[in-house]
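Q: Can you take me through this one? I'd like to go over the metal site, the helix packing and the cores.

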Amino acid sequence: MNIHEYQAAELFAKYGLPVNPGRVAETPEEAAEAARSIGGTVVLKAQVHIGGRGKAGGVKLAKSPEEAAEKARQILGLDIKGHIVHKVLVAPGADIAKEYYLGVILDREARGITLMGSAEGGVDIEEVAETNPEAIIRVTADRLLGLEDYQARELAFKMGIEPANVNGFVGIVKGLYNAFVGEDASLAEINPLIRTGEGKWAAIDSKMVLDDSALYRHPASEALRDPNEENATETAAKAAGLAFVKLEGDIGCMVNGAGLSMATMDAIKFAGGAPANFLDVGGGATAKQVVQGLQLILADPNVKAILFNIFGGIARCDVIAQGIVDGLTQIEVKVPLVVRLLGTNQEEGRRILAESGFDLITAITMSEAAQKVVAATQGK
Ligand code: GDP
Ligand code: MN
């Protein structure tokens with residue numbers, strides 16, 4: 001689950017990180033009021049679940065409450081890569097002497113929790129990662145002992161941090177690691193972590209992604225969810241009781257059972273295609289579920305063909321076939337449909353499909369179904 005910068009900063013503060021405390025405003029007036037109570041120069045920052053806000057005009061400085069209201073007016077309502085700004089964070093303006101990058105990730109390749117740091121932090125870190133990857137130092141925490149002090153120091157030295165500042169930096173690295181582990185995050189990031197003109201460390205942009213599967217251990221974190229930022233399709237799926245995950249390909253999948261869904265996606269990949277989603281309609285597949293599933297799949301403009309892969313175990317193929325036919329009667333589908341129906345009462349199920357009058361491509365084996373749907377996306 002993604003959370004906002006101001007929420008990540010509140011969590012980081014619990015772990016002793018030197019975040020820039022601020023106030024959240026939803027109107028220009030509230031922003032002016034926040035600026036007045038903070039005093040001096042403030043920074044106004046769009047609160048959206050996407051990076052690169054600075055470059056998109058979502059981060060601005062203001063020297064007075066009036067100017068804060070004016071800047072808030074410019075930022076609120078802004079569309080940053082498809083994310084509309086509903087809230088701005090108003091925080092004391094930082095005096096930046098140097099910007100660093102510091103991040104903690106779940107590193108599948110290294111099979112551990114990896115810390116990443118760079119002396120080239122700030123808004124161009126993605127470009128640094130592409131063009132100059134050596135400038136990003138990586139250290140994987142000990143898998144049994146956790147992050148050891150010497151590992152944090154190693155990161156500091158390789159990042160070229162002055163010896164006098166290393167102790168302070170090590171404290172921040174440990175704090176960020178502890179926040180990552182303590183909150184069950186999949187990402188914790190400070191970019192930029194700065195040295196101020198006064199020679200202090202400050203975390204002026206906090207980011208954290210929480211592991212959905214661990215949310216049950218943090219009931220308070222559920223309150224951090226922002227419905228404005230959730231994927232509309234996945235929210236609708238959750239409400240309909242369907243397990244749906246959007247993917248990047250062009251083949252819509254409707255399958256009963258999570259294991260069969262995973263295998264179906266593998267079969268599509270093996271046949272040279274790419275799934276547009278994971279969708280497990282569960283054991284039943286009633287007409288209502290078929291309609292809801294089709295609506296979720298067809299909400300994605302990338303979808304060029306749909307594969308139904310249905311196994312009738314406890315559920316009977318004739319019932320499911322009737323669900324598909326009823327579903328197709330209620331919703332217009334313009335892309336090719338491939339149906340594989342196998343298991344209990346399969347003959348009866350296939351007869352219902354054949355007599356329905358819908359233009360369906362049928363298949364018996366899984367690989368045949370995958371090949372046919374991939375061919376259908378290529379207009380064959
Ligand atoms: P991002 O673009 O979404 O990562 O947003 P950031 O919060 O990282 O802000 C982008 C950039 O704006 C930072 O890298 C800083 O250079 C600058 N910035 C952010 N806050 C302040 C501030 O308080 N004072 C100054 N002078 N610059 C800031
Ligand atoms: Mn940033």
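A: The answers below cover those topics in turn, and the model is a predicted one.

Q: Which residues coordinate the manganese ion (ligand 2)?
A: N191 through O and D205 through OD, at 2.1 to 2.3 Å.

Q: Where do N191 and D205 sit in the chain?
A: N191 belongs to strand β10 (residues 185-196). D205 is in the loop between β11 (201-203) and β12 (206-210), and the two are 14 residues apart.

Q: Are N191 and D205 buried or exposed?
A: Both N191 and D205 are buried.

Q: Switching to helices. At what angle do α2 and α3 pack?
A: About 145°, with the axes 8 Å apart; α2 covers residues 28-38 and α3 residues 65-75. The crossing is right-handed.

Q: Which residues meet there, in α2 and α3?
A: On the α2 side P28, E29, A31, A32, A35 and R36; on the α3 side P65, E66, A68, A69, A72 and R73. By class, the contact has eight nonpolar and four charged residues, with no polar ones.

Q: Now the largest nonpolar core. Which residues touch the most other members?
A: F12, L155, F169 and M208, out of 41 residues in that core.

Q: Which helix gives the most to this core?
A: Helix α6 (residues 166-182), with nine residues.

Q: And what is F12 in contact with, leaving aside neighbours within four places in sequence?
A: Its contacts are L17, V19, L176, A179, A188, E189, I190, S206, K207 and M208.

Q: How many residues are in the other core?
A: That core, which lies apart from the largest one, has 30 residues, including F244, L294, L353 and L360.

Conventions: Residues numbered from 1 in each chain as written. Chains lettered and ligands numbered in written order. Predicted model: local features only at pLDDT ≥ 70, side-chain atom pairs only at ≥ 80, totals over all residues. Heavy atoms only, no water. Donors = N, O, S within 2.8 Å, 3.2 Å for Na, K, Ca; no water. Helix = DSSP H or I, 4+ residues; strand = E, 2+ residues; numbered from the N terminus. Buried < 20%, exposed > 50% of the residue type's maximum accessible area, 1.4 Å probe, protein only. Axes fitted to C-alpha atoms, helices over the stretch in contact; angles between N-to-C directions. Left-handed = near helix turned anticlockwise from the far one by under 90°. Contact = heavy atoms within 4.5 Å. Nonpolar A, V, L, I, M, F, W, Y, C, P; charged D, E, K, R; others polar. Core = buried A, V, L, I, M, F, W, Y, C linked by side-chain atoms within 4.5 Å.
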